[in-house]
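Let's take a friendly walk through a protein structure together. Keep the picture beside you and look for each part as it comes up.

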Amino acid sequence: MAANEEPKGAGALRNAFGNILCFFILLLIGVIAFSIRLFSVIKYESVIHEFDPYFNYRVTQFLTKNGIYDFWNWFDDRTWYPLGRVIGGTVYPGLTLTAGSMWWILNSFNIPLSVETVCVFTAPVFSANAAWATYLLTKEVKGTGAGLTAALLLAMVPSYISRSVAGSYDNEAVAIFALIFTFYLYIKTLNTGSLFYATLNALSYFYMVCSWGGYTFIINLIPMHALLCIVTGRYSSRLYIAYAPLVVLGTLLAALVPVVGFNAVMTSEHFASFLVFIIINVVALVYYIRGILSPKMFKVATTLVVTLGITVCVAVVAVLVAMVASSPTKGWSGRSLSLLDPTYASKYIPIIASVSEHQPPTWPSYFTDINVLAFLVPAGIIGCFLPLSDASSFVILYLVTSVYFSGVMVRLMLVLAPAACIISGIALSDSFNILTQSIKVHLGKLLSSASVAGDSTSENSASQTEPKASKHTPGEKSEEITKEKQPKKNRKKEKEKEKGTVEKVSNKKQSEKRALILPLEVSVVAILLIVLLGAFYVIHCVWAAAEAYSAPSIVLTSHSHDGLHVFDDFREAYAWLRHNTEVDDKVASWWDYGYQTTAMANRTVIVDNNTWNNTHIATVGTAMSSPEKQAWEIFNSLDVKYVLVVFGGLVGYPSDDINKFLWMVRIGGGVFPHIKEPDYLRDGQYRIDSQATQTMLNCLMYKLSYYRFVETDGKGFDRVRRTEIGRKYFKLTHFEEVFTTHHWMVRIFKLKPPKNRIRGKVKKSKSGSKSNAANKIEAKGRQNPWH
Amino acid sequence: MAIRRALVLPLVLVLLPALISVTRAFSADSATDRRLLVLVDDLAVRSSHSIYFRSLESRGYDLQFRLADDPKLALQRYGQYLYDGLVLFSPSAKIWWLCGPYGGVGFRGFGHDLILAADPSASDLIRDIATECGVDFDEDPASVVVDHVGYAVSETNLDHTLIASDDFIQSDVILGSEKIKAPVLFRGIGHSLNPTNTMVVKVLSASPSAYSANPKTRLSKAPSLTGSAISLVSVVQARNNARILICGSLDLFSDRFFKSGVEKFKSMKKSGNEQFAVEISKWVFHERGHLKAINVRHHKVGEVAEPPMYRIKDDLEYSVEIYEWSGTSWKPYVADDVQVQFYMMSPYILKTLSNDQKGLYSASFKVPDVYGVFQFKLEYQRLGYSTLSLKAGMATHPTRLFLQSIPVRPFRHNEYERFIPAAYPYYGGSFSTMAGFFLFSVVYLYNK
């Protein structure tokens, strides 16, 4: 190394090399993050995935076609018929606006990409952004090395991949970037105390509010951290600057998003931030007064204020409690309540509980989603405590809360993933540091013993670690600084000076600390093991990206002994609807397929995945669980012309309507009590074979799913439920089958129009049979004039 | 015609309600030349019922007589019905296909009218057709209607099976504005109506003293049909406004009954049969009581064009023209009970339309403060009149031709009031705070 000859210039050169290297590493991380998510495009095709992305895609199309004002005012009359939905006011516009402006920018550069292409690739692009944001955040906490490791980990963490493969055009794709970036700016403000970053932080928070309902996580986590800092005596003016502008500006900006609006100040999710805002102001005042008054006077003042303050606080709290208690849900929305009390949703809101991603995760899902990070996290926490700074305490808090939330809902595993990546990044980089350090020391010793010039190298190697060591203690450092009131420039110089002194002091300390030097063999083996661990992680991530999370779920594949099968039934059915029905026809289906029907078939639906009206969904659920005639009446009153059911019994597609049917019964029964769940269960068991209850065998869902099913194999063997169906031969009186896809996965039925006449009494069997016999005799004798 | 052919192809029993008004067999254009198929058991009926047939012919109908067991008989050829109406004067017909979807029932299903006359020899088939229409003839094939009080006095009527009934329905539309002066002579079988059937109307019912039984045997048990529950003549108006007349007596239409006098309490020179039969056949063949609604318009007050979408709290005007077919031309229909609903799952507004005596009905109202997809629903069902059922919306809007409903949107974000008077204290408060903070900062920073 040239460093030996010219230490100062070499340091600058090293820094320059390091920066360039760092830049290219980040570039490569971005490329990895982008390309690992392209499996879905390569293995399948460039399509929008699943359910919600179809809605986002449709909204983006509207945005690019009609402009932002029409989008803002958009009242959609093609969903939730006949209620309609004010899309402009009920949608988080961040994702749509992002993709829309990307499309617009590309087009203004004459790069004619279709809206769909832009939408498909939005998520991979933003996961690269998220990786870079992770780098920035972790760098703020623990330095560049940890930052790069964390960014690399995040670039390929399976949990995030599951939500951001190409085509998964959903809010989370953008929101995770916004989340991490907001945290980064918060930490940056906390470390620098700069109002500029505080303002950027508020803007970034605004983007997060625009993007995802998960913004409440930020507006609760940051107050928690501020409170933690205050309680542990770490209050500083930097904290005030980091926190107060965020609450004021952030709340004002959040209220500008139509879907949030007054919720930003009205619902309990936001109350914590206001409470902490009050507290932080009081604390600031107390610190200020303590600076003015003598200690004795201060004591007197404290007792006075505390007694007064307590009474006022009690009064305010009483008023708040009364206000909150007067609202039926105690001011909390159902999804948030289910976060605090995991059993809440399944007890009270079947519509929330019915979504699989709202269920608590199982242990294996932790392993699939964050893999080895689960083991690295504890090590990283220890790393965060050595030494504990404002920033690292924030990361720990972030991890702890997100672990709790991920335990409540599978979906929130996504919030845990960045925290796990950051902390594991810290753990990995710390252990690499220690291990390489000890190897270096040993190698140095070996060299010195060989050439008897060891002193300088070992000293050098110690000084190399200094910049990092100094970064470990930004808290201590700046606390000393803030005591003095000095203009900024002076302060900076002062800081540098101080840094120098601190470094000199810590230099000695650290060289003493370097007693933590491990034996050479141990470190080499440990490094190998860590590399092995990383390799396993990479292999797992690539597997997860390629196999587990890339299926678009509108096209299914299955491997069997005779090769690959592709099930493209959904698009077949939607194309049929688009080409064979009137533009204005209404299609009823369970709400899972609402977004796809509006986006792909362009037909009006009754309910869709935006489950804002429980009663309307319950109406459809009731219709599906009623006998044919009642169902016909319900559908007819909603002007429905076609009913679409998803049936997997022929090919063994498990998430079909029969498997979801109990939820329809529950949701329907929640509003219309004549639908009772026990009627559909035989001895508490859900079955569709000959032991099933009459109610079950007569309900519309059963009939529509299994109509003519027996004709396929002669027995009516359902491959999902693995039984023979209970009722095989029946006719539909009020519905007629109009289309069934190739693998019977989607079946479309049409409502028959009402009969032109009403029959008289049913004739007695005797005369009936007689006339039938007469008919037959006559039929032989006379030809039908029709033919 | 093309539409009609397209409809015949799917071979359904019934029409889509939405298309009824378009595809009705009855139309003003071809009203003057309408082909009726008359099926008879015996061609002698042609002469024995000649007065009735002549009255039909004089009103412009082209009658074709066929024997019911004619093997070459066909109702339709190449998917087109050959006749616009069917008169079944063949009680003992056993034409099995008549009952099927391509026969009489299906025929009516496509909006064609039917007159069905039975007598004690009615075959199962005729009974089946009646049942399909919601009318049940007495199950005992030998029974006839007997009335020992309201019988027509004549020397041959010893078993009181020839009854004179004057229990008509009170409807000027069905039976004409002129009151039927004399009782109607009836000899035949009675029928009962399915009480849940809202489409069947009893036109001529038996007197309370009548019953249905076999007069030649002793009554061993109480007759199943008694009193005024027995309907002698009924009419059905199907959902597509096809009309059917069901009568238990073929003789009611005969020349003999038309001409004979009637004596019940007091003697009349001529029975009411001719007037009754002619008037009711006018109704059956849509010469009376047939309404049409055209030119449905709605727009905002002060505008003419139909908007693609309304906003909540818009003032709008709705108008529709309703005419009645008089047999020769469309005359304005005048009534004060036509109502329009502004409907989304339930009627938010129900308003009686005012008319200008020339057939133009209109109403104006304010759109309710609820957004969603609404319909202008006009449902007009009156005894004897054809059903008007309009769900009107964008019918005239070029891009959404088939849309029957109209969306009502909420305010746009810039349609709200910008400055609310009640909020002026708050505006004042916020601006004064800003100014105060600014002053405070200036004083604090530079006052040392």
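## The surface of chain A

The accessible surface of chain A comes to about 37100 Å², and carbon and sulfur atoms account for 65% of it. Keep in mind as you look around that this is a predicted model.

## Chain A as a whole

What is chain A built from? It has 36 helices and 11 strands. The chain runs to 787 residues, and 49% of them are buried. Now think about which residues touch: among contacts between residues at least 6 apart in sequence, 72% join residues at least 24 apart in chain A.

## Chain B as a whole

Chain B has 10 helices and 29 strands. Of its 448 residues, 53% count as buried. Chain B exposes about 20900 Å², with 56% of that supplied by carbon and sulfur atoms. For contacts in chain B between residues at least 6 apart in sequence, the share joining residues at least 24 apart is 71%.

Start with A:Thr134, which you will find in helix H6 (residues 115-142) of chain A. Is A:Thr134 buried or exposed? Its relative accessibility is 0%, and a residue under 20% counts as buried, so A:Thr134 is buried. Setting aside neighbours within four places in sequence, A:Thr134 is in contact with A:Ala150, A:Ala151, A:Leu154, A:Ile180 and A:Ile422.

Next comes A:Ser46, in the loop between helix H2 (39-43) and helix H3 (52-72) of chain A. A:Ser46 has a relative accessible area of 31%, so it is partly exposed. Apart from neighbours within four places in sequence, its contacts are A:Val41, A:Glu116, A:Val120 and A:Phe121. Take A:Val120 from that list: A:Ser46 and A:Val120 are 74 residues apart along the chain, while their C-alpha atoms are separated by 6.8 Å.

## A pair of crossing helices

Now look for helix H11 (residues 215-231) and helix H21 (residues 390-408), both in chain A. Their axes come within 10 Å and cross at roughly 135 degrees. H11(A) and H21(A) are therefore oblique to each other, and their crossing is right-handed.

Which residues meet here? On the H11(A) side they are A:Phe217, A:Leu221, A:Ile222, A:Met224, A:His225, A:Leu228 and A:Cys229. They meet A:Asp390, A:Ser393, A:Phe394, A:Leu397, A:Tyr398, A:Thr401, A:Ser402 and A:Phe405 in H21(A). Here is a handy rule for reading such lists: an α-helix has 3.6 residues a turn, so residues three or four places apart point the same way.

## An annotated stretch and an enclosed helix

An unreviewed UniProt entry places the feature "domain: STT3/PglB/AglB core" at residues 584-643 of chain A. This span is 48% helix and 15% strand, and its end C-alpha atoms lie 14 Å apart.

Now find helix H30 (residues 614-624) of chain A. Why is H30(A) described as largely enclosed by the rest of the structure? Nine of its 11 residues are buried, so the rest of the structure largely encloses it. Among the buried residues of H30(A) are A:His616, A:Ile617, A:Val620 and A:Met624. The buried residues of H30(A) pack against helix H18 (350-353), helix H31 (628-637), strand S7 (640-646), helix H32 (657-671) and helix H34 (700-706) of chain A.

Definitions and conventions
Residues numbered from 1 in each chain as written. Chains lettered and ligands numbered in written order. Predicted model: local features only at pLDDT ≥ 70, side-chain atom pairs only at ≥ 80, totals over all residues. Heavy atoms only, no water. Helix = DSSP H or I, 4+ residues; strand = E, 2+ residues; numbered from the N terminus. Buried < 20%, exposed > 50% of the residue type's maximum accessible area, 1.4 Å probe, protein only. Contact = heavy atoms within 4.5 Å. Areas by Shrake-Rupley, 256 points an atom, 1.4 Å probe, with all protein chains shown as cover. UniProt positions renumbered as here; feature names shortened; annotations may be inferred. Axes fitted to C-alpha atoms, helices over the stretch in contact; angles between N-to-C directions. Parallel < 35°, antiparallel > 145°, perpendicular 65-115°, else oblique. Left-handed = near helix turned anticlockwise from the far one by under 90°.
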